[in-house]
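Trainee: Could you show me how to read pockets and cores in a model? I would like the general idea and then the case at hand.

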Amino acid sequence: MHVTETAAAPAKKSGAFAEETVTLVQHWTDRLFSFRTTRDPSFRFQSGQFVMVGLMVEGKPLVRAYSIASPSWHEELEFYSIKAPNGPLTSRLCNIEVGQTVLVGRKPTGTLVVDGLKPGRRLYMLGTGTGLAPWLSLARDPDVYDHFETVVVTHTVRQVADLNYRELFESELPNDEILGEIVAPKLKYYPTVTREPFPTQGRITDLIASGQMCRDLGLPDLDPAVDRLMLCGGPSVLADLKPLLEARGFAEGSLSQPGDYVLERAFVES
């Protein structure tokens, strides 16, 4: 794991995008990395939303949608990305260094916000791969814990090395000087691996369908009367999860009509 960091510098304004300065780059594996940037003081977003991020290439913005991995209160912006060797953007973005600039759009949006859900007792955030990014934002937001008695973050990956941010959920957040008191009694982290031996193994869809996830967590079976869910993953995962939940009586929600679950496709950054 390689980390570089520097002090923040102010953003420059340019139309639809702010030019933000890279303050930290973390290479988790040869396929995954994250980075932080400065944040324009005027930029406002809700934890769980996404924004367009990219680089100037040949005089034009080359951008893709990225969930914001930092909570809404944080003074910097954080993003979590795959490295696509042939991807027009990520093949360049994965080589950024501290001090360089990236483009960050001025209009955050997205459905993975608490406002899209009816009131409930437990919140399950089901993520695969870089679909963890919005949970990194929401799990660090005190407002989420005001709404729910229990907050469950699941992260399903192919290999154990892909369980990035595991330490954040297992030790850093519960022991955080400021957030720990709020987080520790409520947060449950549930990592699963599909292609290597691991204590919790398998696709999240199978672990829900069999009831294994709830048993492992020591929680009651999923119940639309009290449980709320957010889903973020690849199209095939979402295609399996939607009917699984709806067969149990869960209704999809939106900002205009809150429901029992909301979903967003995990962006395949290219």
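Mentor: Rolling a probe the size of a water molecule over the atoms shows where empty space is left. Here the second largest pocket has a volume of about 530 Å³. A pocket is an open set of points on a 1 Å grid over the protein atoms alone, where a 1.4 Å probe fits, with protein on both sides within 12 Å along at least five of seven lines; lining residues have an atom within 4 Å of a point. The volume is the space filled by probe spheres set on the points, which are joined across faces, edges and corners. This is a predicted model: local features need pLDDT of at least 70, side-chain atom pairs count only at pLDDT 80 or more, and totals for chains, interfaces and linings use all residues. Numbering runs from 1 along each chain as its sequence is written, and side-chain values use heavy atoms, leaving out hydrogens and water.

Trainee: Which residues lie nearest the centre of the second largest pocket?

Mentor: Gln26, Trp28, Tyr165, Leu168 and Glu172, out of 23 lining residues. α4 gives the most to this lining, with four residues; helices are DSSP runs (H or I, at least four residues), numbered from the N terminus.

Trainee: And which residues touch the most other members in the largest nonpolar core?

Mentor: A nonpolar core joins buried Ala, Val, Leu, Ile, Met, Phe, Trp, Tyr and Cys residues through side-chain atoms within 4.5 Å, buried being under 20% relative accessible area (1.4 Å probe, protein chains only). Among its 36 residues they are Met125, Trp135, Val153, Phe169 and Met230. α2 gives the most to this core, with four residues.

Methods: Helix = DSSP H or I, 4+ residues; strand = E, 2+ residues; numbered from the N terminus. Buried < 20%, exposed > 50% of the residue type's maximum accessible area, 1.4 Å probe, protein only.
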